Amino acid sequence: MKRALFLVVLGALGCGAPPPPTTPFSRAPTCSALGGLLDLQHAMRGATSSTDATGLRLLARIDEELGYLANAEDAPVDLGTLRRQLRERREEVVTALSSAAETRAALEKAEGDNVVERAGAALRHLDRDDAGSLQRTGAHLRAMSLDGTEALVAALDAHATSLRKLNELATPFVDATVAPDPVRLTVEKEVDALRLRCLTAIDTSHRIEARGGAPRTATVVVAPALPDEAERLLGQPRSFGSGFVVQWRDHAGQQRLRIITNHHVMGGAGEAEVRLSHHLDDEDAEPARARLLRSDPVDDIAILEVTEGGEQVAGAGLTLRPDAPSEREVVVAAGFPGVGRDPSYQVSEGVVSNARFGAPKNDRDGVSAYIQHTAAIDPGNSGGPLLDKSGAVVGVNTLKLRGRENVGLAIPTPRISLALLRADEPPRFDPHHAEASCQLAVAALGDPAPRYAELERFGLALYEGRQAAAGSAEATAHRDRLGGRPTGALSVLRAYAYAALRAELDDVGGAVPFTPCRNLKPEAQGFTAELVVRRGPPWRLVLAPSRGQLRLVHIERPGDQP
């Protein structure tokens with residue numbers, strides 16, 4: 001079934017620049033320290049909401065937070081206590097993982113053929129990754145008093161103890177019923193307060209050049225550019241959404257064509273094709289192309305830059321209104337909802353019905369909330385602009401509430417401005433980020449049944465050269481055991497790459513359980529590390545930036561290395 005989303009392209013192009021600002025945040029000093037802090041807060045909250053942060057994934061959570069702490073060293077927030085706490089917790093987790101690896105090896109050794117034959121019924125439903133299952137099985141065998149199973153019972157108990165220790169270390173990260181850690185809670189509150197001060201004061205009017213014109217001239221269709229193989233595997237028509245063009249002056253004073261849309265419109269893609277409404281009926285018209293600069297899953301905003309065909313949208317450009325709209329103020333929604341499989345331009349009028357939908361009590365201006373309005377929006381309007389009667393953008397449409405008539409929600413312009421400023425910052429990855437990505441990839445490769453969502457650190461390049469292996473019976477069996485559901489074409493492609501790698505690992509007995517990545521080293525384009533396998537020397541892993549994140553992009557078996 002075709003997904004129709006609404007994407008708007010923003011762009012910036014021009015000359016005659018004034019003296020460039022000294023930093024991306026020079027006119028928003030309260031925002032200058034937010035970059036690393038917001039990433040840190042997102043990592044902290046993502047870990048808190050996770051249902052699985054044990055073992056290697058717990059180590060990855062800690063490493064990711066340490067990486068963003070390194071990016072926020074100059075922040076006006078006391079992070080020293082949190083840093084010390086995380087480092088101490090990391091040492092505890094590494095020690096606990098080592099113990100779990102030893103007790104798992106002892107358990108596997110104790111499960112000799114003759115023992116399995118005698119204790120087969122008791123072991124049939126054993127979950128070796130669940131402390132409760134291990135403990136119950138040990139108790140059952142102890143009650144049966146079977147000769148020769150003493151070592152197995154002891155191994156079951158020892159491994160249960162190791163897993164309970166890992167679960168205990170993970171509790172502050174995953175159990176919302178436990179009292180929040182005061183150190184983490186203080187940091188989150190301070191970041192929230194700093195973010196609110198930034199959004200209340202932010203002003204990017206000096207960075208945007210208005211080009212005027214009707215909404216139709218600056219609202220665009222954006223179709224995320226996905227690998228052909230991904231679309232073939234998904235078996236669905238290509239998705240599209242809406243966006244709008246902004247003429248943006250970057251921190252160096254250069255005019256750029258920026259595209260603003262929703263994070264969910266991009267669907268993980270790193271590029272998109274962009275079309276104006278008058279190009280939709282021209283089959284010979286080549287679309288412009290844009291690359292993703294930054295995508296924020298929390299605010300659901302994505303910023304792109306036009307890289308090819310900029311002349312198509314160079315004359316367009318909307319402005320961002322810095323002040324919030326008033327309730328009952330007339331607003332206009334523009335975008336390209338789908339008609340059948342094709343986008344169709346639509347403009348609709350309504351009023352602001354709640355200027356502070358979902359705002360906390362301390363946010364009097366509603367900058368951290370949503371604009372609720374009655375202008376009609378449909379599937380495909382996501383990412384499109386919400387405009388006032390003068391044509392200035394007051395928000396970007398993000399969703400429509402189901403079960404209610406004409407209730408749309410838009411993200412206010414201060415958060416769009418913050419996203420534009422952050423798009424001028426290049427992503428920064430340090431060894432802790434690499435450790436996190438590596439542990440998450442290795443955890444998935446060692447998990448009997450990971451979830452689709454746990455394959456996000458697999459780069460699409462892993463699928464290249466593995467097309468045939470990905471379709472084998474062995475790989476299909478691994479893919480069928482994945483939990484959850486794919487979120488799109490890229491998720492499907494990662495699943496095929498994962499399954500092919502699992503089939504290769506089966507030849508060497510798989511990855512050694514509870515064993516972190518080894519010998520992480522920085523390289524010119526990323527990092528390398530080692531995956532410890534059961535039989536034979538370690539495999540070489542290569543991690544590199546891909547679609548805004550460090551991902552596993554290449555694996556070399558010892559025989560494949562030059």
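Which residue of S18 stands opposite Leu531? In this predicted model, whose residues are numbered from 1 along each chain as its sequence is written, local features need pLDDT of at least 70 and side-chain atom pairs count only at pLDDT 80 or more, whereas totals for chains, interfaces and linings use all residues. Side-chain values use heavy atoms, with hydrogens and water left out.

The residue opposite Leu531 is Trp539, in strand S18. Helices (H or I, at least four residues) and strands (E, at least two) are DSSP runs numbered from the N terminus, and two strands are taken to pair if DSSP finds at least two bridges between them. Strand S17 (residues 526-531) is joined to S18 (residues 539-546) by five bridges in an antiparallel arrangement, and four bridges join S17, also antiparallel, to strand S16 (residues 518-523). S16 and S17 form a hairpin with two residues between them, and Pro522 stands opposite Phe527 in S17. Five of the six residues of S17 are buried, so this strand is largely enclosed by the rest of the structure; buried here means under 20% relative accessible area, exposed over 50%, and partly exposed in between (1.4 Å probe, protein chains only).

Two disulfides, defined as pairs of cysteine sulfur atoms within 2.5 Å, are found in a search of the whole structure. Cys438 and Cys517 form a disulfide with their sulfur atoms 2.0 Å apart, and the torsion about the S-S bond is about -100°, so this disulfide is left-handed. Because Cys438 lies in helix H13 (residues 431-446) and Cys517 in the loop between helix H16 (489-506) and S16, the pair ties together parts that are 79 residues apart in sequence. Both Cys438 and Cys517 are buried. The other link joins Cys31 to Cys198, at an S to S distance of 1.9 Å, and is right-handed, with 100° about the S-S bond. Cys31 lies in the segment before helix H1 (34-49) and Cys198 in helix H8 (residues 182-201), so that parts 167 residues apart in sequence are tied together.

Leu292, in strand S6 (residues 288-296), counts as buried at 19% relative accessibility. When residues up to four places away in sequence are not counted, Leu292 touches Met266, Ala269, Gly270, Ala302, Ile303 and Leu304, contact meaning heavy atoms within 4.5 Å.
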